[in-house]
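This briefing concerns a ligand and the protein residues around it. Please examine the sequence and the structure shown here before reading on.

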Amino acid sequence: MNKILLLNGPNLNMLGVREPEVYGRDTLESIEAEVSAYGAERGVAVDCFQSNHEGALIDKLHEAHTAYDGVIYNPGAHTHYSYALRDAIGSIGTPVVEVHLSDIEAREEFRRISVIAPVCVAQIKGKGKLGYKEALDVLLELENR
Ligand code: DQA
């Protein structure tokens with residue numbers, strides 16, 4: 001595993017400002033820097049991309065088929081309803097780990113459903129920003145299986 005994509009969906013650009021009691025006070029920029037540094041320690045390059053637009057996220061996932069060895073993905077609210085993003089993940093050969101900062105099982109009813117999970121290799125939730133690093137570990141462990 002040489003190159004990993006850290007992908008974040010809608011409203012995650014607002015981290016730090018957005019409901020800090022739920023999502024913490026770190027900005028997306030600082031989380032991206034931390035995950036990239038962790039990747040460097042573990043010998044992988046991490047590229048970061050965030051978008052509020054479903055089509056841009058689909059394009060990036062398609063690109064990941066050839067450009068990346070693994071994807072760490074927080075789909076935001078798309079998690080709960082976007083069959084288009086689920087199909088994008090299902091269309092590529094690159095393993096995807098789903099990450100949520102909050103525990104989506106312990107919140108509103110609509111957040112309990114992930115239409116993305118069945119096409120991901122793992123789901124990590126409720127661990128805050130540490131979940132992104134754990135996802136990187138999961139991707140690296142796939143190589144040793
Ligand atoms: C989230 C959980 C989603 O339900 C929500 O819509 C988000 C963030 C999380 O990281 O906990 O945007 O994916």
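A polar contact is a pair of N or O atoms within 3.5 Å; within protein, one must be able to donate a hydrogen and the other to accept it, and residues adjacent in sequence count only if both atoms are side-chain atoms. The model is predicted: local features need pLDDT of at least 70, side-chain atom pairs count only at pLDDT 80 or more, and totals for chains, interfaces and linings use all residues. Residues are numbered from 1 along each chain as its sequence is written, and side-chain values use heavy atoms, with hydrogens and water left out.

- A polar backbone atom of L101 lies 2.8 Å from an oxygen atom of the ligand.
- In the side chain of H100, an N or O atom is 2.8 Å from an oxygen atom of the ligand.
- For R18, a polar side-chain atom is 2.9 Å from a ligand oxygen atom.

**Surroundings**
- The residues around the ligand (those with a heavy atom within 4 Å of it) include Y23, G76, A77 and I104.

**Record annotation**
- An unreviewed UniProt entry places the feature "binding site" at N74, H80, D87, L101, S102 and R111; such annotations may be inferred rather than shown by experiment.
- These residues are spread over 38 residues of sequence and, in space, up to 24.0 Å between C-alpha atoms.
- D87 is found in helix α4, residues 83-91, where a helix is a DSSP run (H or I) of at least four residues, numbered from the N terminus.

Conventions: Helices (H or I, at least four residues) and strands (E, at least two) are DSSP runs, numbered from the N terminus.
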